[in-house]
Amino acid sequence: MNKVVIVDDHLLIAKAITSIINDFDGFKVLYEVENGKKLTERFKSEQLIPDIVLLDISMPVMDGYETAEWLQKYHPSVKVMALTMNNDESSLVKMIRNGAKGYLHKNIHPMELHNGLTKLVETGFYFPDWATTSLVRNITSGNDTASDEISISAREKEFLKFSCTELTYKEIGEKMFCSPRTVESYRDSLFEKLHVKTRVALALYSVKIGLHSLEG
């Protein structure tokens, strides 16, 4: 039985999600808390540490970004799935950078929630189609040979690292001491090499090869 904890400051929503998940085979909600700070307090007891944390992003006291980062640092074995109203690339990239292994929008059918949780357990990742397609399958396959076969330059790897940040392409250029046009050339080259079309997909690839944890 996979133990789930819900972190959401909207009590009615949290209770509704609990009711839905408890109807899923193989999943059981241990408890709900209203923010990350409350979660860290519960985690002082080993009996209250779950397999999965379903995490809202916009919360008072300690939001989803801070909570995901704390979990990545102190409880890396706990799988973090964002469940949020935010469906923009910036939020997704930041959650990935902070350790989230899944991302779902609250406006989904319960069966997609079930599928997302199941995939998270089985493969270690689950992201929606709008985030990426083929790259997620590559990441979750556990097959690292594909990345070994792709020739990526040192400068492209540097750009990949910054793709996990909230910096604009202009700001990335300033960090890399090059023009925005050069940054775009790195981006376009990686799009072609990795067969993807979004910055989120580049960020996911960065997670796979370990560049997201480097400081910029």
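1. Of the contacts in the chain with a separation of 6 or more, 67% are between residues 24 or more positions apart, a contact being heavy atoms within 4.5 Å. This is a predicted model, in which local features need pLDDT of at least 70 and side-chain atom pairs count only at pLDDT 80 or more, while totals for chains, interfaces and linings use all residues. Residues are numbered from 1 along each chain as its sequence is written, and side-chain values use heavy atoms, with hydrogens and water left out.

2. The chain holds 11 helices and five strands, these being DSSP runs numbered from the N terminus (H or I, at least four residues, for helices; E, at least two, for strands). Of its 216 residues, 48% are buried, that is, under 20% relative accessible area with a 1.4 Å probe, protein chains only.

3. The largest nonpolar core has 30 residues, and those with the most contacts inside it are Val7, Leu39, Phe43, Val53, Leu55 and Met95; such a core is a set of buried Ala, Val, Leu, Ile, Met, Phe, Trp, Tyr and Cys residues joined through side-chain atoms within 4.5 Å. Among the elements that give two or more residues to this core are strand 1 (2-7), strand 4 (79-84) and helix 11 (199-209). Apart from it lies another core, of 17 residues, including Phe24 and Leu113.

4. Phe43, leaving aside its neighbours within four places in sequence, is in contact with Tyr31, Leu48, Ile49, Pro50, Val53, Trp70, Leu71, His75 and Val78.

5. Lys161 deserves a separate look. This residue belongs to helix 8 (residues 154-163), and it counts as buried because its relative accessibility is 15%. Its C-alpha atom is separated by 7.8 Å from that of Ala203, 42 residues away along the chain.

6. The axes of helix 8 and helix 11 come within 8 Å and cross at roughly 105°, where axes are lines fitted to C-alpha atoms over the stretch in contact and angles run from 0 to 180 degrees between N-to-C directions. The two helices, helix 8 and helix 11, are therefore roughly perpendicular, the term for angles of 65 to 115 degrees.

Technical notes:
Buried < 20%, exposed > 50% of the residue type's maximum accessible area, 1.4 Å probe, protein only. Parallel < 35°, antiparallel > 145°, perpendicular 65-115°, else oblique.
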